[in-house]
Amino acid sequence: MSEKTCPKCGSVETRKYGWKILAGGKKAQMFQCKRCGSYFRGKGLAKLSEPYRYTRFRWWNKIDLEEVEKDLSKEFSVKKFSPSRDEMELALGKDERDELMVSADTLTAMLSAFRAVLFQKESASFTEKDVELRKIVLELYKRERPTPFPWSFSTEPKFEAD
Ligand SMILES: [Zn+2]
């Protein structure tokens with residue numbers, strides 16, 4: 001009996017039906033029986049991949065967040081944040097503390113004057129819209145490290161797209 005055999009009616013006509021997330025960073029393939037419609041869990045366990053997270057930078061010229069907000073609002077959901085007073089304010093002007101949160105489907109981008117963080121809450125394959133957001137952000141923030149000095153690198157993790 002393969003792991004794809006329906007435990008209820010014994011049919012092998014089943015289809016994959018997403019993943020069940022288990023404790024301990026594991027996931028199990030879920031199936032649905034095409035004959036009786038019942039859902040069941042495959043026996044094999046796979047390791048849950050880490051959610052995508054990637055940081056990019058600009059070095060010399062800060063981004064015009066107002067313009068980016070206008071542009072990206074056409075296609076994505078955009079929220080603006082102005083962080084409250086803190087020590088950052090001593091070093092940076094107000095407009096350099098503002099952040100935009102841009103959401104596609106599973107991918108979100110936090111954009112600020114010189115830095116962008118792309119992240120997913122849960123590991124998932126990128127939709128077409130996610131791929132588009134990633135592309136735009138990587139074009140706006142071309143640098144892989146915060147300064148021209150070679151101390152800290154950020155390397156893009158792998159992602160899957162539909
Ligand atoms: Zn069945």
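**Helix 4 on the sheet**

I began with helix 4, which lies across strand 4, strand 6, strand 7 and strand 8. I noted that helix 4 runs at about 25 degrees to strand 7. A reminder to myself: this is a predicted model.

Next I checked the length of helix 4, residues 128–140. Its 13 residues, at 1.5 Å a residue, should span 18 Å, and I found the end C-alpha atoms 19 Å apart, which agrees.

Then I asked which residues of helix 4 are buried. They are Asp130, Leu133, Arg134, Ile136 and Val137. Looking down the axis of helix 4, I saw these buried residues fall within an arc of 165 degrees, so they line one face of the helix. On the face turned away from that buried side I found the exposed residues Glu128, Lys135 and Glu139. The buried residues pack against strand 4, strand 6 (99–103), strand 7 (107–111) and strand 8 (115–120).

I traced the strand order next and got 4-8-7-6-5, an open sheet of five strands with antiparallel pairing. Strand 4 and strand 5 (77–81) stand at the edges with a single partner strand each, so one side of each has no neighbour in the sheet. Ignoring direction, neighbouring strands here are turned by 15 degrees against each other on average.

I took a closer look at strand 6 and strand 7, which pair in the antiparallel sense over four bridges. Leu100 stands opposite Leu111 of strand 7.

**The core**

How many residues does the largest nonpolar core have? I count 18, and those with the most contacts inside it are Val102, Ala109, Ala116, Leu118, Leu133 and Val137. Strand 6, strand 7, strand 8 and helix 4 are the elements that give two or more residues to this core.

I picked Ala116 to follow up, setting aside its neighbours within four places in sequence. Its contacts include Ala109, Met110 and Leu111, and also Val137, Leu140 and Tyr141. Arg56 is in contact with Ala116 too.

**A stop at Trp59**

Last, I visited Trp59, in the loop between strand 4 (53–57) and helix 1 (65–73). Is Trp59 buried or partly exposed? I found 13 other C-beta atoms within 10 Å of Trp59, while a buried residue needs 20 or more and an exposed one has 12 or fewer, so Trp59 is partly exposed.

Leaving aside neighbours within four places in sequence, Trp59 is in contact with Arg143, Thr147 and Pro148. I also checked Pro146, 87 residues away along the chain: its C-alpha atom and that of Trp59 are separated by 6.8 Å.

Conventions:
Residues are numbered from 1 along each chain as its sequence is written. This is a predicted model: local features need pLDDT of at least 70, side-chain atom pairs count only at pLDDT 80 or more; totals for chains, interfaces and linings use all residues. Two residues are in contact if their C-beta atoms, placed from the backbone, lie within 7 Å. The expected span of a helix is 1.5 Å times one less than its number of residues. The arc is that of the directions from the helix axis to the C-beta atoms. Two strands pair if DSSP finds at least two bridges between them. Axes are lines fitted to C-alpha atoms, for helices over the stretch in contact, and angles run from 0 to 180 degrees between N-to-C directions. A nonpolar core is a set of buried Ala, Val, Leu, Ile, Met, Phe, Trp, Tyr and Cys residues joined through C-beta atoms within 7 Å.
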